[in-house]
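Subject: Handing over a structure, with notes

Dear colleague,

I am passing on the structure we talked about, and below it you will find notes on what turned up. Please keep the structure open beside the text as you read.

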Amino acid sequence: RDIGIRTLDIVSERKSLEGPLLPILHEIQAEFGYVPQEALPIIARELNLSRAEVHGVVTFYHDYRDHPAGRHVLKLCRAEACQSMGGDQLAERVKTLLGIDFHQTTLDGAVTLEPVYCLGLCSAAPAAMLDGEVHGRLDADAVDGLVAEVRA
Ligand code: FES
């Protein structure tokens with residue numbers, strides 16, 4: 001269905017909630033798999049917010065995507081325990097191998113790379129999540145394996 005019409009439905013159903021913006025964005029992402037640009041002005045108008053305000057909220061929460069996800073979603077933990085265990089270098093390695101930055105999807109649509117802020121696996125840092133499955137104690141070999149998996 002048309003993004004505009006579906007967005008309007010989602011907004012209408014929720015606009016009387018207290019603090020409707022997050023539930024609306026959540027539902028939009030559940031519906032489309034991302035938050036389409038064309039949904040933002042509709043949400044803004046219906047909630048009496050500026051587009052900048054809606055855009056600010058979308059970008060503040062790392063869970064919202066602005067484009068459809070790839071076939072795989074690889075999330076690398078960027079929080080403190082993982083950073084202190086070499087998470088930064090691993091992230092650089094993954095970015096280089098995939099040729100993309102965080103919040104991007106490879107051109108072939110194979111994988112979307114996203115940051116995540118603690119997977120509750122701090123004792124097995126550095127950690128990542130591939131398609132909902134957590135992986136801990138990552139090293140260069142292990143991330144190479146994850147990259148090979150999404151590329152297969
Ligand atoms: Fe990475 Fe907790 S900080 S899993």
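With which residue does Arg93 form a salt bridge, and how far apart are the closest N and O atoms? The partner of Arg93 is Asp144, and the closest N and O atoms of the two are 2.8 Å apart. This pair links distant parts of the chain, since Arg93 sits in helix H6 and Asp144 in helix H7 (residues 140–151), 51 residues apart. A salt bridge here means a side-chain nitrogen of Lys or Arg within 4 Å of a carboxyl oxygen of Asp or Glu.

Before going further, please note that this is a predicted model, in which local features need pLDDT of at least 70 and side-chain atom pairs count only at pLDDT 80 or more, while totals for chains, interfaces and linings use all residues. Residues are numbered from 1 along each chain as its sequence is written, and side-chain values use heavy atoms, with hydrogens and water left out.

**The chain as a whole**

The secondary structure comes to seven helices and five strands, where helices (H or I, at least four residues) and strands (E, at least two) are DSSP runs numbered from the N terminus. Read along the sequence, these elements follow the pattern α-α-α-α-β-α-α-β-β-β-β-α. The C-alpha atoms fill a box of roughly 50 × 30 × 25 Å, taken along the principal axes. Of the 152 residues, 41% count as buried; buried means under 20% relative accessible area, exposed means over 50%, and partly exposed lies in between, with a 1.4 Å probe and protein chains only.

**Salt bridges**

Side chains of opposite charge can pair when their charged atoms come close. By the rule given above, the count comes to 12 salt bridges.

The side chains of Arg65 and Glu114 meet in another salt bridge, at 2.7 Å from N to O. Arg65 lies in the loop between H4 and strand E1 (72–77), whereas Glu114 lies in strand E3 (residues 111–116), so the pair ties together parts that are 49 residues apart in sequence. Both Arg65 and Glu114 are buried.

Asp88 and Arg78 also meet through their side chains in a salt bridge, at 3.1 Å from N to O. Asp88 belongs to helix H6 (residues 87–98) and Arg78 to the loop between E1 and helix H5 (80–84), so this pair ties together parts that are 10 residues apart in sequence. Asp88 is partly exposed, at 33% relative accessibility, while Arg78 is buried, with a relative accessible area of 17%.

**Empty space**

Rolling a probe the size of a water molecule over the atoms shows where empty space is left. On a 1 Å grid over the protein atoms alone, a cavity is a set of points where a 1.4 Å probe fits but cannot get out, whereas a pocket is an open set with protein on both sides within 12 Å along at least five of seven lines, and lining residues have an atom within 4 Å of a point. Grid points are joined across faces, edges and corners, and a volume is the space filled by probe spheres set on the points.

The largest pocket holds about 220 Å³ of space. Its lining has 14 residues, of which Val58, Thr59, Tyr64, Arg65 and Asp66 are the closest to its centre. H4 supplies the largest share of this lining, with three residues.

A search of the whole structure finds one cavity of 30 Å³ or more, and the largest cavity has a volume of about 50 Å³. Its lining includes Leu76, Cys77, Leu90 and Pro126. H6 gives the most to this lining, with three residues.

Phe60 is placed in helix H4 (residues 51–60), and Phe60 counts as exposed because its relative accessibility is 59%.

With best wishes,
A colleague
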